[in-house]
Every structure is written in C-alpha cells, then in structure tokens.
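Visitor: I'd like to learn how to read a few features off a model. Could you walk me through some?

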Amino acid sequence: MQHFNWKLIIRMNILMLHSVGLWPKNDEIYKPNLYTFYAMISIVMIMGSHNFFQLMNIFFVYKDLETVAETIFITATDLLISVKMYFFVRNMGILKELMIKLNSGIFQPRNSQQIELVWPRINIWKKTYVVYWLSVGTTVFVWTIFPFLDNSVKTHRLPFSAWYPYDAKISPFYESTYLYQVIGIWFLTVAAVNMDTLIAALMMYTATQCDILCDDLKNLRENFYEVFITCVKHHQDIIRFAEKSN
C-alpha cells in the first residue's frame, strides 16, 4: 500500500494555525527562533492586547448597562479564546507527538478497501470545517464592517467598544485603531475556528482507526496469531491516542 498521509487531510487547518503563530513548522515545538518571536507578537501584542483594551473599557463604561452588556458579550468570548490558546500552546508537544503517531505504520490503512472505509468520516469533518468557517466568518465579517453598514463610521465609531490610552476618534488614530481591531478579531477567529476543528479532527482520526481495527478483526484468516497480536497493539495505540487527545 502507498503511504496514506493523514496530516494532508488537515493541511489547511494546520496552515491557518501556523499563520497566527499557533503551529511551529513540521514536527517541531516552540524554539528560540523567528517563528517563536512572531508567535509572541501574534498572541500577546495582537490577540492579547485586543482583549485587554476591550476588558479595560468595562471599567470606564460600567454605569452604562447597555454598553457594558454589549462589551462583556464580545470580551468574554475573546477571553475564552485566549484561555484555549494558552492550553493549546502549553500542550503543543503532545499535539506534535499525536501528529507523528498518526502517520506511523500501525495507523496506516492495510488496503484500498480500508481507505474507502475511512473516507465518509473524513468527509464529515471537511464539511464541518467549511460550515463552521462560513458561519463564524460571516458573523465576524459583519462585525468588522458594521460601522459602514449603519453609517456610524462618519462619527468615528469602531467595530468594538474598547478603551485606548489616546483619543481613537481622531484621525489618523481612528483609521489605525480600526485596522488594529479588524486584524485582532480575525486573528482570534482563525485561532478559535482552527483549534476547535483540529480537536474535532483528532476525534475523527480516533474513529477512523477504530474502523480500520474492526475491519482487520473481521478479516482474520491467514497468520491468525501474528495478525491478532498486531490488532491488540493497534488497539492499545488507539487508546493512548484517544487519551492524549483528551
């Protein structure tokens, strides 16, 4: 059998994570290099600061209940994404270990029939990825252009309520802050969507391995003992893979 590249299925997922500093290249973890420096800028200066300025705004508008409710709704979501990113980066070594294990020999389909067997689950994940992106992407896109839709851009309204240590309603601060908010929310969106869908992919991979194992057990014929021992080892590896995914 030709080598079946499981990682190729989630190539776009990995590329998107890499673009926002959440996936060092190949099977590496974070090291003292340019990509780690970029990751720090992306996570701390772009996404983290975007959350910080929105959070600070609550202390300045706490008397306006409507504005506070509006700010908390967005800020709480963004802060939860930051928590996700912290645990995602913290467990990067485990994630890379799972990717290496995924392409090991024991996780490979044995024949073309098994490849056909796993494609339905793979296609479900792909559809989930597209639908999730469309729904979240559409929402964020509308958020970012809303000041133009309701014509409040003329009064220098920003897409998101936030506090800044300068007057953000004065040009060119308004334009630069508007751009900063757009970049910040899209970085957070890319991070959130692709972290969630990567976890879904790990679940999908676990299920496909169970399908392959079941097919192997159903077709035990020649070299029964040898093949059965391989199935037992495969089962143990699936359990370890699932536990590390959790």
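**Contacts, bridges and a patch**

Guide: Happy to. Thr144 touches Pro159, Tyr178, Val182, Ile185 and Trp186, leaving out residues up to four places away in sequence. Keep in mind that this is a predicted model.

Visitor: Where is Thr144 found, and is Thr144 buried or exposed?

Guide: Thr144 is found in helix 6, residues 112-149. Buried means under 20% relative accessible area, and Thr144 has 5%, so Thr144 counts as buried.

Visitor: What does UniProt list as "transmembrane region"?

Guide: The unreviewed UniProt entry lists residues 35-62, 68-89, 129-149 and 178-195. Residues 129-149 are 100% helix and 0% strand, with end C-alpha atoms 28 Å apart. For residues 35-62, the span is 86% helix and 0% strand, and the end C-alpha atoms lie 39 Å apart.

Visitor: On to charges. How many salt bridges does the structure hold?

Guide: There are eight salt bridges. Look for a side-chain nitrogen of Lys or Arg within 4 Å of a carboxyl oxygen of Asp or Glu. One of them pairs Asp27 with Lys7, the closest N and O atoms being 3.3 Å apart. Asp27 lies in the loop between helix 2 and helix 3 and Lys7 in helix 1, so the pair ties together parts that are 20 residues apart in sequence. Asp27 is partly exposed at 41% relative accessible area, and Lys7 is partly exposed at 21%. Beyond its neighbours within four places in sequence, Asp27 is in contact with Lys7, Lys96 and Ile100.

Visitor: Which parts does the Glu97 and Lys244 pair tie together?

Guide: Their side chains meet in a salt bridge at 2.1 Å, N to O. Glu97 lies in helix 5 and Lys244 in helix 8, so this pair ties together parts 147 residues apart in sequence. By contrast, take Arg240 and Asp237, with closest N and O atoms 2.5 Å apart. Both lie in helix 8, three residues apart, about one turn of the helix. Asp237 counts as buried at 10% relative accessibility, while Arg240 counts as partly exposed at 43%. Lys101 joins Asp237 and Arg240 in a network of salt bridges.

Visitor: And the nonpolar surface patch: which residues make it?

Guide: Leu217, Phe224, Tyr225, Phe228, Ile229 and Val232 make a patch of about 560 Å². Helix 8, residues 224-245, gives the most to the patch, with five residues. Leu217 is found in helix 7, residues 173-218, and is partly exposed at 39% relative accessible area.

Terms used. Residues numbered from 1 in each chain as written. Predicted model: local features only at pLDDT ≥ 70, side-chain atom pairs only at ≥ 80, totals over all residues. Heavy atoms only, no water. Helix = DSSP H or I, 4+ residues; strand = E, 2+ residues; numbered from the N terminus. Buried < 20%, exposed > 50% of the residue type's maximum accessible area, 1.4 Å probe, protein only. Contact = heavy atoms within 4.5 Å. Patch = residues over 30% accessible without salt bridge, like charges linked within 9 Å, V, L, I, M, F, W, Y side chains within 5 Å. Areas by Shrake-Rupley, 256 points an atom, 1.4 Å probe, with all protein chains shown as cover. UniProt positions renumbered as here; feature names shortened; annotations may be inferred.
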